[in-house]
Amino acid sequence: MDSELSIVLFLLIVFAACCCSSSSATYHHDPAVVGYSQEDVALPSRILELFSSWSVKHSKVYVTPKEKVRRYEVFRQNLKHIVETNRRNGSYWLGLNQFADVAHEEFKAGYLGLSTGLAGAGGRPRAPTTAFRYEAAVDLPWEVDWRKKGAVTPVKNQGRCGSCWAFSTVAAVEGINQMVTGRLESLSEQELMDCDGTLDHGCGGGLMDFAYAYIVGNQGIHTDADYPYLMEEGDCKEKQPHSKVVTISGYEDVPENSEVSLLKALAHQPVSVGIAAGSRDFQFYKG
Ligand SMILES: *[C@@H]1O[C@H](CO)[C@@H](O)[C@H](O)[C@H]1NC(C)=O
């Protein structure tokens with residue numbers, strides 16, 4: 001379990017009814033969606049052309065011809081995986097993105113960072129309370145889109161750093177802060193990276209539970225503007241004067257293995273979620 005790595009997704013949107021449109025199979029093969037056409041993948045010469053146009057689109061620069069050849073080979077293998085997966089017309093599709101020249105082992109080492117083993121022999125840390133506050137919730141809405149209610153900041157990018165735990169924590173605090181105060185403030189992942197170092201480890205991974213505990217103990221977290229993201233760990237600068245601070249009074253765990261509980265919680269507020277993302281399909285997930 002210690003080596004299990006996950007990407008953290010922050011779920012604000014609940015689709016109570018999942019609609020499978022009859023035209024969804026076309027998305028699996030739409031060049032505008034997946035980033036290649038069936039002609040592109042039919043011939044080696046076309047794959048090379050596709051690699052060139054993809055490299056330009058993503059501003060890829062390879063320092064040596066040898067490196068370019070190596071990256072092309074990784075690209076070709078990844079493309080093969082994407083094409084084969086999409087041909088199965090499953091419930092999701094993959095596409096060429098900025099990670100198409102990154103080997104899967106390299107991707108896992110560089111971008112995932114939920115450390116489920118951090119709590120040591122005691123297992124996953126538990127929030128301090130036991131009662132689930134939404135247990136009695138009834139008449140749940142068919143859907144909730146917290147973006148429409150102004151509780152979600154634009155998508156951020158953690159970059160090449162296992163800091164998903166900080167982004168998940170911050171996004172949930174941004175959401176609850178907007179719901180309570182009416183103000184949407186983008187908050188600082190970097191502060192958690194630099195200052196919450198007892199059990200969390202910056203780019204080396206962490207857990208949201210510890211980060212919430214840090215914010216409670218620290219009596220707040222600074223804004224992104226005051227404490228911007230650097231994509232690497234730095235010295236803790238939490239004692240900045242004149243900077244705005246958003247705080248939370250506590251945090252709770254949703255009861256384990258209960259989708260109904262998750263639904264009840266999400267209907268009322270943001271929830272931090274970790275998913276096991278150590279599969280190649282997550283690297284290229286498109287829709
Ligand atoms: C997948 O969808 C495409 C386009 O709709 C279709 O041509 C193809 O036969 C389908 N493949 C399978 C395995 O169902």
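A nonpolar core is taken here as a set of buried Ala, Val, Leu, Ile, Met, Phe, Trp, Tyr and Cys residues that are joined through side-chain atoms within 4.5 Å. In this predicted model, the largest such core comprises 24 residues, of which Tyr-36, Trp-54, Phe-75, Leu-79 and Leu-96 touch the most other members. At least two residues of this core come from each of α2 (31-34), α3 (44-57), α4 (65-87) and α5 (104-111), and the greatest contribution is that of α4, which provides five residues. Beyond its neighbours within four places in sequence, Trp-54 is in contact with Lys-60, Tyr-62, Phe-75, Leu-96, Asn-97, Gln-98, Ala-100 and Asp-101. Another core, of 18 residues, lies apart from the largest one and includes Ala-166, Ala-172, Cys-195 and Tyr-227. In soluble globular proteins, nonpolar side chains tend to be buried together.

Considered as a whole, the protein chain has ten helices and six strands, and 44% of its 287 residues count as buried. Among contacts in the protein chain with a separation of 6 or more, 78% are accounted for by residues 24 or more positions apart. The chain exposes about 15,800 Å², with carbon and sulfur atoms supplying 56% of that area.

A polar side-chain atom of Asn-89 is placed 2.5 Å from an oxygen atom of the ligand, while for His-29 a polar side-chain atom lies 3.4 Å from a ligand oxygen atom. Taken alone, the ligand exposes 360 Å², of which 34% is buried by the protein.

Technical notes
Residues are numbered from 1 along each chain as its sequence is written. This is a predicted model: local features need pLDDT of at least 70, side-chain atom pairs count only at pLDDT 80 or more; totals for chains, interfaces and linings use all residues. Side-chain values use heavy atoms; hydrogens and water are left out. A polar contact is a pair of N or O atoms within 3.5 Å; within protein, one must be able to donate a hydrogen and the other to accept it, and residues adjacent in sequence count only if both atoms are side-chain atoms. Accessible areas come from the Shrake-Rupley method with a 1.4 Å probe; for residues, only the protein chains shown count as cover. Helices (H or I, at least four residues) and strands (E, at least two) are DSSP runs, numbered from the N terminus. Buried means under 20% relative accessible area, exposed over 50%, partly exposed in between (1.4 Å probe, protein chains only). Contact means heavy atoms within 4.5 Å.
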